[in-house]
Amino acid sequence: MPVPFRRLFLLRHAEAGRPPGTGDHERPLSEQGRDDAASMGVYMAQAGLLPQMALVSTATRTRGTWELVQKALPQLVPAMFEGRIYESTPEAILAAIRATAAEHESLIVVGHNPGMHRLALHLIGRADRNAFARLHSDYPPGSLAVIDFEVDAWTGITEHGGTLERFATPASQSD
């Protein structure tokens with residue numbers, strides 16, 4: 001019998017600009033952010049990192065990041081735009097993840113720091129030492145953590161129950 005499995009992708013939005021007079025929620029991606037988001041999408045497609053569902057913060061910069069990543073993927077991924085992820089706590093992000101239907105075995109969350117970084121550290125129990133050290137020290141804009149869980153539903157993911165499969169940053173994609 002196969003081991004139950006869920007794969008969670010935690011993608012921090014790419015670099016955002018700060019145009020004068022623009023509120024935080026409406027901040028768009030910078031030119032560098034657009035390039036980094038598109039590159040991360042290409043990386044995910046080439047590495048076979050293909051989510052079945054997306055939960056995306058309602059902020060302009062997260063929506064823009066997801067749009068550019070989605071363009072590079074070989075198939076359309078259904079997306080839900082979730083207000084609970086905007087500038088949120090790890091607990092609120094985890095609640096949104098746990099509310100995902102069990103039929104989706106892989107899920108990408110496109111959100112913000114510090115919540116995404118704290119959530120990744122909260123969920124990871126096993127990891128390659130080097131990848132974990134890089135993630136632990138920083139979670140730059142446009143970075144992607146891939147965490148695997150041996151559970152049969154999203155409600156089953158627990159603190160330190162995941163394995164960090166990889167941690168990729170925009171800088172690591174240009175090496």
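These notebook entries record what I looked up about salt bridges in this predicted model.

**Entry 1: count.** I then examined individual pairs, as set out below.

**Entry 2: Asp 148 and Arg 7.** I found a salt bridge between the side chains of Asp 148 and Arg 7, with an N to O distance of 2.6 Å. This pair connects distant parts of the chain, since Asp 148 belongs to strand S6 (residues 144-149) and Arg 7 to strand S1 (residues 6-12), 141 residues apart. I next checked accessibility: Asp 148 is buried at 13% relative accessibility, and Arg 7 is buried at 19%. The value for Arg 7 falls under the 20% cut-off, so the residue is classed as buried.

**Entry 3: Asp 24 and Arg 61.** I noted a salt bridge from Asp 24 to Arg 61, whose closest N and O atoms are 3.1 Å apart. Asp 24 sits in the loop between S1 and helix H1 (31-47) and Arg 61 in helix H2 (residues 60-72), so this contact ties together parts 37 residues apart in sequence. Asp 24 is partly exposed at 32% relative accessible area, whereas Arg 61 is buried at 1%.

**Entry 4: Glu 87 and Arg 61.** I recorded a salt bridge between the side chains of Glu 87 and Arg 61, at 2.9 Å from N to O. Glu 87 lies in the loop between strand S3 (79-82) and helix H3 (90-98), so its pairing with Arg 61 in helix H2 joins parts 26 residues apart in sequence. Glu 87 is partly exposed, with 43% relative accessibility.

**Entry 5: network.** I traced shared partners and found that salt bridges join Asp 24, Arg 27, Arg 61 and Glu 87 into one network.

Note on methods. Residues are numbered from 1 along each chain as its sequence is written. This is a predicted model: local features need pLDDT of at least 70, side-chain atom pairs count only at pLDDT 80 or more; totals for chains, interfaces and linings use all residues. Side-chain values use heavy atoms; hydrogens and water are left out. A salt bridge is a side-chain nitrogen of Lys or Arg within 4 Å of a carboxyl oxygen of Asp or Glu. Helices (H or I, at least four residues) and strands (E, at least two) are DSSP runs, numbered from the N terminus. Buried means under 20% relative accessible area, exposed over 50%, partly exposed in between (1.4 Å probe, protein chains only).
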